[in-house]
Amino acid sequence: MINVPPNVRCSRASRGARMFVRLLCLGAATQVLLVSESARAQAAPPAGHEEEAFDFMNLLSHHGLHNLDDESWNAYGQFTYISSWKLAFQAPYTNANGSINSLVPDAERSFTGTFTLFFGLRLWPGAEAYFVPEVISERGLSQIRGLGGSIQNFELQKTGSETPQLYRARLFLRQTIGFGGERVVKTSNPMQLGTTVDRRRLVLTAGNYSLLDIFDRNNVTGDPRQTFFDMAFMTHSSWDFAADARGYSWGAAAELYWDDWVLRLGRMAPPQHPNVLAVDFRLWKYYGDTLEIEHDHVLFGQPGAVRILGYRNNEVIGRFDEAIAAYQSDPNNNNAGSCTGFNYGSGNFAAPDLCWVRKLNQKLGIGINIEQFVAKNIGVFFRGMYSDGKTEVDAFDPADRSLSLGAVGKGTLWQRPFDVAGIGLGMSWISKIHAEYLGMGGIDGFVGDGGLRQGPEGVFEVFYSVNLLNAIWLAGDYEFIWNPGFNRDRGPVNIIGAKVHAEF
Amino acid sequence: MPSSSWRCALGSVVTLLAICARAQAQQQAQGFATERLYLSAPGAGWFVMDALDMRGGLGGSFALTVGYARNVWHLSDGTRSVPIVSDQAVADLGAAVTYDRWRLYVNFEMPLVIKGQGGTIGDRSFSGPSVDLGSNPDTLTDARIGVDMRIVGTAASRFRLGAGAQLFVPNGNRSEYATDGTYRGMGRVLFAGDEGAVTYAGQLGIHLRPLNDTSAPGTPRGSELLFGAALGAKLPVSPSGSTAIVVGPEVFGATALRDFFGSTATALEALLSARLEGTGEEGLQLRVKLAGGAGVHQQFGAPDWRVVFSIEAFNHNAR
């Protein structure tokens, strides 16, 4: 396995003097979050903490009160505030004919604020329990409508509000069964107790978590709270992974680690209706299955990895061809504006809608995820995925095909070793039948302008994150998005972002 | 006949106005936090009372408590009873850090099931909650942050006196009957002690509760007095004495200050609890607790009956 690359930290010098300031800053930031109602919590797992970090566990360890190498428990936390300013852009039409999913062309501001605690407890040899409560406050651009695979802030949740909401992000049990081989050190981190495990091992996970905690990890893009803002870089945009409206769900997974190979298999509960918070626990009937094979390698002395991921969802979702056929057979009744079942509220009486054809359907996809470090602190990444594109989005975003690539590096070259910079390109496409459906005025989750001149949605992003003190980062970000909602008629869109991130 | 028509019309208008007036007077009651089992801090021994047995060194505890209560809150208009909250199953996860004489803790409550029926009592209509894991897969209700301190006595002395404070951070919807929707606080005087095989604990405190729904029957009327006591027999289970079982009752309740010990504003509940616990001074210890009980005075949130189970991992670390 590749070691997670070091994260951004300061030296240990003057830790004591800075600690008070840090706590004050963190406390103040939390207060601002809670009081001003300013803030999706990220479904992707958090970054690892380093020895140099200021955090509660390191503090205890340095006072001889905690053994980081063989933990029976740990506790970590994080705070992240992201603000995005979208500049006004050109669009010949918006929400045409009663559609509701356009990104509005006016200037807008969006934000998210999250505060998370991570608790871990060793129950018996090899068994770990984790509990992660989280608070979020958010405001999306155009109510998170109008963007397909490149939503500008990965933290946005489909069910969020400006009023801070406390929820349980994760509650799961992990059992590790060793099969021998070399010993591998697992450092103390959020959702990881410090311990030593066999290089050959079986890891079983069950409970409430995010599929992104286990599958499609990438050590270059790492923790989105430390790197890219845009959702296109968090995972495959076209992987409609089973999750509730926040990005989490209930299920089980098995990981078999065998030297340089890892095989992962998991089943997760899907939402009761597309993109809602309520989850259907009938895992024998409705589910999202994921299979991933990973190979870790060393190329020119630098670590890298290749992952192939395939998924198959068995969910109550609508097919685009059937929605079109239903509309064409009876346009006066089977249109979007006349929906009687679960629907997104389109008022377009001259468009098809998936509400008429939702039933048990399957969705398939396969993708590749490559990471390669080219120097100690600089890495490149590539993700590409192809999904069948026959059915609507059930849990993530409407993209049917996607790729993302880029580079992330730390500021070692310019004597700012804990700063992080990155540049990336993300592209996403929809299938021909999906485009035909949107072109007829239909809506799919978060896209549908009432008309469509099909094109790939793309995002170019560049960011720089400055480390202040050991545990606080300030980041600036620019995103250029073209063909928002897969529509050549609209955009391009310029978004400027800023982020405050703290770990403790 | 014109006069008859006028009378008929006038009668109709009066009847209509009366119906309208009745409809207007009937108000929808909002929900509130019906849970009256204010769990003690993780590692504190009893279900509700606090043993105040902090051992001086840096220690900690994690606790998972799962409980079910039946007919938590039902209202009657004299002719019929409406179980507004008939079933309430809740899981609570908590963590605590202890040092010296202090215990700092945080609790997160997760509703598993909260069900009930709607109905009209007097001029108020009530909607029953409908919460389950499927519709609310990640719900947490009010988070609780607290601190306890022992002021008098040692960890195992005959008499220990302490104080505790808790802050409830509101979360969720009042319609789920799991939150008041406002911040709440508690200040308590705590006492406990051990004498041979006898162990006891008690509390007297104030629940600062801004929610005042006096006009709706059976609902919160502002701040409350909290009271309670527990008495148990502590018996060694293992020959080495490293494991003990504590069996005994816990009685606790609350009464609204505005209607001090008034019959409709006072809740009183009793639990018979047993706990099996490690008694080691060092290292991780395990505690398993089980209790069953009933509402002695079933107003104001005390249920028909309740069962509670808890498992704790704790480390006292004597200094």
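Q: Which strand is G119(B) found in?
A: G119(B) is in strand β5 of chain B. Strands here are DSSP runs of E with at least two residues, helices are runs of H or I with at least four residues, and both are numbered from the N terminus. Bear in mind that this is a predicted model, where local features need pLDDT of at least 70, side-chain atom pairs count only at pLDDT 80 or more, and totals for chains, interfaces and linings use all residues. Residues are numbered from 1 along each chain as its sequence is written, while chains are lettered from A and ligands numbered from 1 in the order in which they are written.

Q: What is G119(B) in contact with, leaving aside neighbours within four places in sequence?
A: V82(B) and F126(B). A contact means that the C-beta atoms, placed from the backbone, lie within 7 Å.

Q: And what sheet does β5 of chain B sit in?
A: An open sheet of 3 strands with mixed pairing, in the order β1-β6-β5 of chain B. The edge strands are β1 (27-28) and β5 (119-121) of chain B, each pairing on one side only. Pairing needs at least two DSSP bridges between the strands.

Q: How many bridges join β1(B) to β6 of chain B?
A: There are 2, and β1(B) runs parallel to β6 (residues 124-126) of chain B. Q27(B) is opposite R124(B) in β6(B).

Q: OK, and which residue of β12(B) is the bridge partner of I206(B)?
A: L225(B). Strand β11 (residues 198-208) of chain B pairs with β12 (residues 224-236) of chain B in the antiparallel sense, over 10 bridges.

Q: What does β12(B) do with β13 of chain B?
A: Those two run antiparallel and are joined by 11 bridges, β13 covering residues 243-256 of chain B. L235(B) has I245(B) as its bridge partner in β13(B). The two strands form a hairpin with 6 residues between them, and G241(B) in the turn has a positive phi of about 80°.

Q: Zooming out, what does chain B span along its principal axes?
A: The C-alpha trace spans about 100 × 40 × 30 Å. Chain B has 1 helix and 16 strands, and 46% of its 319 residues count as buried.

Q: Which domains does chain B get?
A: Domain 1 (1-30) and domain 2 (31-315), with bounds from an automatic or database domain assignment. Their centres, taken over C-alpha atoms, are 49 Å apart. The contact between them takes 6 residues from domain 1 of chain B and 10 from domain 2 of chain B.

Q: How many residues of chain A are in contact with chain B?
A: 22 residues of chain A, meeting 17 residues of chain B. On chain A, the elements giving two or more residues are β2 (108-124), β3 (127-139) and β4 (165-178). β4(A) gives the most, with 5 residues.

Q: What about the cores, which residues touch the most other members in the largest one?
A: The largest nonpolar core has 135 residues, and those touching the most other members include F119(A), F241(A), W46(B) and V48(B). A nonpolar core is a set of buried Ala, Val, Leu, Ile, Met, Phe, Trp, Tyr and Cys residues joined through C-beta atoms within 7 Å. Leaving aside neighbours within four places in sequence, F119(A) is in contact with A75(A), Y130(A), F131(A) and A95(B). A second, separate core of 16 residues includes A29(B), V72(B), I121(B) and F126(B).

Q: Last one: which residues of helix α4 of chain A are buried?
A: H434(A), A435(A), Y437(A) and L438(A), in a helix covering residues 432-439. Seen down the axis of α4(A), they fall within an arc of 160° and so line one face of the helix, the arc being that of the directions from the helix axis to the C-beta atoms. What covers them includes α3 (320-329) of chain A.

Methods:
Contact = placed C-beta atoms within 7 Å. Buried ≥ 20, exposed ≤ 12 C-beta atoms within 10 Å, placed from the backbone.
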